[in-house]
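Thanks for coming. I have one structure to go through today, and I will keep to what can be read from the coordinates.

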Amino acid sequence: MIEARHLRVLRAVAGTGSFSAAARELGCTQPAVSQQMKALEQSAGTPLLIRTGREMRLTQAGEALVRHAAGILAGLTAAEEEVAAIAGLRAGRVRLVSFPSGSSTLVPTALAAMRAEHPGTRISLVEAEPPRSVEMLREGDCDVALAFRYGGAAGSAAEWDDLVVRPLLTDRLIGLVPEGHRLAGAARVGMAELADEPWIAGCPRCRRHLVEVCEGAGFTPRIDFATDDYPAVVGLVAAGLGVAVLPELAVESVRAKGVSTVAVEPAVEREVVALTLPDLARVPAVSATLAELERAAAR
């Protein structure tokens, strides 16, 4: 019989490439990793790893088992959490991943409410932009992913079909120009009016969508700077080095000093959602976290 603890060890070995690195990641000894891998190979009845010097390579059977391990472990986690909550043994835990502007706006309010209402629930937070955050959810490395997608993006309608999607808010993009810019103070600015400006772009997904929007307005933006750091975007604009568009959540999360914000046309919006797996959606701690994120977005 294949045991869950052995699957966790196999995933660690596959991800790190060696027993010693897997042991460090799991917080155990290298002999313990070796013993558990031997036990797993005996249970599987076939070799799962090929040892070449200090490196480990998965066999075809090993690759198949790793491929199924994420779903198996997620299902086990869901079962453990739900049973524990029903039995009153513990309130549970939630591993949350969020993009940076969500981390600084929606997440603090939601987590403060969770701590007040469910003090026994342990919640951890790491940051990642989609699509990486969504990959982490599917791989079993988090329980809830805060993510976004732009309306009209290619393939956006089907990209989350296998997940539970909890809509939170629609986040409109806002133009940023230096305070002394010719368009500072304008009520609305057409994207085409910014065609000759140097641009500061954000995360890869936002950057890709910026190019699509600008091309839809009849020009290709000249991107002089690209950074995932929103305060850096504001600083570059304030220094007169270019213009940018940022989501409202991002503008809320930084001090927009030295810049003017303007509404851009056509309106560019992104849908902000909380995602989880169908099995995990039934876990009380996960369900409560989703509800608090909804409340935080409604404020």
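This is a predicted model: local features need pLDDT of at least 70, side-chain atom pairs count only at pLDDT 80 or more; totals for chains, interfaces and linings use all residues.

The protein has 299 residues, and 46% of them are buried. Its secondary structure comes to 10 helices and 12 strands. The accessible surface is about 14500 Å², and carbon and sulfur atoms hold 51% of that. As for contacts, take those with a separation of 6 or more: 71% of them join residues 24 or more positions apart.

Now the largest pocket. Its space is about 460 Å³. There are 23 lining residues, and Arg 11, Leu 73, Glu 139, Gly 140 and Asp 141 are the closest to the centre. Which elements give two or more residues to this lining? They are helix H1, residues 4-16, helix H2, residues 19-26, helix H4, residues 60-87, and strand S3, residues 93-98. H1 gives the most, at 6 residues. By class, the pocket lining has 11 nonpolar, 8 charged and 4 polar residues.

How many cavities of 30 Å³ or more does a search of the whole structure find? The number is 2. The largest cavity holds about 80 Å³. Its lining includes Tyr 150, Tyr 230, Cys 206 and Arg 207. Strand S8 (198-201), helix H7 (204-216) and strand S10 (244-247) each give two or more residues to that lining. By class, this lining divides into 10 nonpolar residues, 1 polar and 1 charged.

The second largest cavity is about 40 Å³. Around it sit Leu 173, Met 191, His 209, Leu 210, Val 213, Val 245, Val 264 and Val 268. Leu 173, Leu 210 and Val 245 also belong to the lining of the largest cavity. H7 gives the most to the lining of the second one, with 3 residues. There are 7 nonpolar residues here and 1 polar, with no charged residues.

Which of its residues are buried? Phe 19, Ala 21, Ala 22 and Ala 23 are. What do they pack against? The partners are H1, helix H3 (30-44), strand S1 (49-52) and strand S2 (55-58). After H2 comes Gly 27, with a positive phi near 75°.

Last, some backbone geometry. Most peptide bonds are trans, and most residues other than glycine have a negative phi. Pro 130 and Pro 131 are joined by a cis peptide bond, with omega about 10°. Where is Pro 131 found? Look in the loop between strand S4 (122-127) and helix H6 (132-138). Glu 265 and Pro 266 are also joined by a cis peptide bond, and omega there is about 0°. Pro 266 lies in the loop between strand S11 (259-265) and strand S12 (269-276).

Notes. Residues are numbered from 1 along each chain as its sequence is written. Side-chain values use heavy atoms; hydrogens and water are left out. On a 1 Å grid over the protein atoms alone, a cavity is a set of points where a 1.4 Å probe fits but cannot get out, and a pocket is an open set with protein on both sides within 12 Å along at least five of seven lines; lining residues have an atom within 4 Å of a point. Grid points are joined across faces, edges and corners, and a volume is the space filled by probe spheres set on the points. Helices (H or I, at least four residues) and strands (E, at least two) are DSSP runs, numbered from the N terminus. Ala, Val, Leu, Ile, Met, Phe, Trp, Tyr, Cys and Pro count as nonpolar, Asp, Glu, Lys and Arg as charged, and the others, Gly among them, as polar. Buried means under 20% relative accessible area, exposed over 50%, partly exposed in between (1.4 Å probe, protein chains only). Contact means heavy atoms within 4.5 Å. Accessible areas come from the Shrake-Rupley method with a 1.4 Å probe; for residues, only the protein chains shown count as cover.
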